[in-house]
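Hi,

Here's the structure I said I'd pass on.

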Amino acid sequence: MLQQNRAPRQHIDQNGQDQAHYQRQQQNGQVEPRSANNYGVAPLTVMKAPPVPTQGLPDDEIPYPSQLKVKIYFDPPGSHVTIVVPIIIKHRSLIDRIDSKMAKVHTNASISKGTARLRYKDQDDDFVTIGSDEDVQLAIEDWGQVHEEKLRDNIISDFELHWQQI
């Protein structure tokens with residue numbers, strides 16, 4: 001006859017620590033108590049993006065983020081898709097990413113095929129077509145000038161572009 005001389009199972013958490021170990025740490029003040037939710041998991045905390053360094057910058061230099069959230073608007077009015085791109089991006093890379101995203105939600109029109117165009121609104125509210133690396137950088141600089149105060153306060157506004165089928 002087999003005897004079962006097994007110790008009772010211990011609860012092991014995601015860090016490989018048993019429940020008794022955790023309780024000892026908690027009593028010694030080494031860890032904070034777990035939340036009271038049903039799963040014994042601490043609640044997620046919302047973290048802000050790291051601040052854009054502004055110290056040491058000349059007063060006339062805008063503190064650009066390393067990435068931009070780009071909203072691409074298209075017809076019907078109010079429709080848009082969103083992508084995240086690095087602040088320094090080549091025209092070809094931007095177009096490829098936009099064409100790829102638009103192919104999922106729109107017709108077969110694409111900027112690279114010449115059946116659509118990409119534009120932005122400048123400071124005077126005029127639409128300007130983006131057709132080169134220089135145009136992309138000018139659009140980003142224009143966006144930075146419009147949102148300069150927000151950028152200095154570490155508030156990053158969306159970079160808005162407009163896709164139009166030709």
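The buried residues of α3 get their cover from several places, including β1 (67–74), α2 (91–105), β3 (116–121), α4 (148–152) and β5 (159–165). The residues in question are Val136, Ala139, Ile140, Asp142, Trp143 and Gly144. The helix itself covers residues 133–146, and its 14 residues reach 20 Å from first C-alpha to last, close to the 20 Å expected at 1.5 Å a residue. Bear in mind that this is a predicted model.

Zooming out, the protein has four helices and five strands, which run α-β-β-α-β-β-α-α-β from the N terminus. Of its 166 residues, 28% are buried. The accessible surface is about 12300 Å², with 49% of that belonging to carbon and sulfur atoms. Among contacts with a separation of 6 or more, 45% involve residues 24 or more positions apart.

Now the inside. The largest nonpolar core has 28 residues, and Ile72, Leu94, Ile98, Leu161 and Trp163 have the most contacts inside it. At least two residues of this core come from each of β1, β2 (79–86), α2, β3, α3 and β5. Take Leu94: setting aside neighbours within four places in sequence, Leu94 is in contact with Ile83, Val85, Ile89, Leu118, Val136 and Leu161.

On the charged side, there are five salt bridges.

- Lys71 pairs with Asp158, with the closest N and O atoms 3.5 Å apart. Lys71 lies in strand β1 and Asp158 in the loop between α4 and β5, so this bridge ties together parts 87 residues apart in sequence. Lys71 counts as buried because its relative accessibility is 18%, while Asp158, at 22%, counts as partly exposed.
- Asp133 and Lys90 meet at 3.8 Å, N to O. Asp133 is in helix α3 and Lys90 in the loop between β2 and α2, so the parts they tie together are 43 residues apart in sequence. Asp133 is partly exposed at 35% relative accessible area, and Lys90 is exposed at 54%.
- Glu148 and Arg152 have their closest N and O atoms 3.1 Å apart. They sit four residues apart in helix α4, so about one helical turn separates them. Both ends are partly exposed: Glu148 has a relative accessible area of 22% and Arg152 one of 26%.

One last thing on the salt bridges: shared partners join Lys69, Lys71 and Asp158 into one network.

Cheers

Note on methods:
Residues are numbered from 1 along each chain as its sequence is written. This is a predicted model: local features need pLDDT of at least 70, side-chain atom pairs count only at pLDDT 80 or more; totals for chains, interfaces and linings use all residues. Side-chain values use heavy atoms; hydrogens and water are left out. The expected span of a helix is 1.5 Å times one less than its number of residues. Buried means under 20% relative accessible area, exposed over 50%, partly exposed in between (1.4 Å probe, protein chains only). Contact means heavy atoms within 4.5 Å. Accessible areas come from the Shrake-Rupley method with a 1.4 Å probe; for residues, only the protein chains shown count as cover. A nonpolar core is a set of buried Ala, Val, Leu, Ile, Met, Phe, Trp, Tyr and Cys residues joined through side-chain atoms within 4.5 Å. A salt bridge is a side-chain nitrogen of Lys or Arg within 4 Å of a carboxyl oxygen of Asp or Glu.
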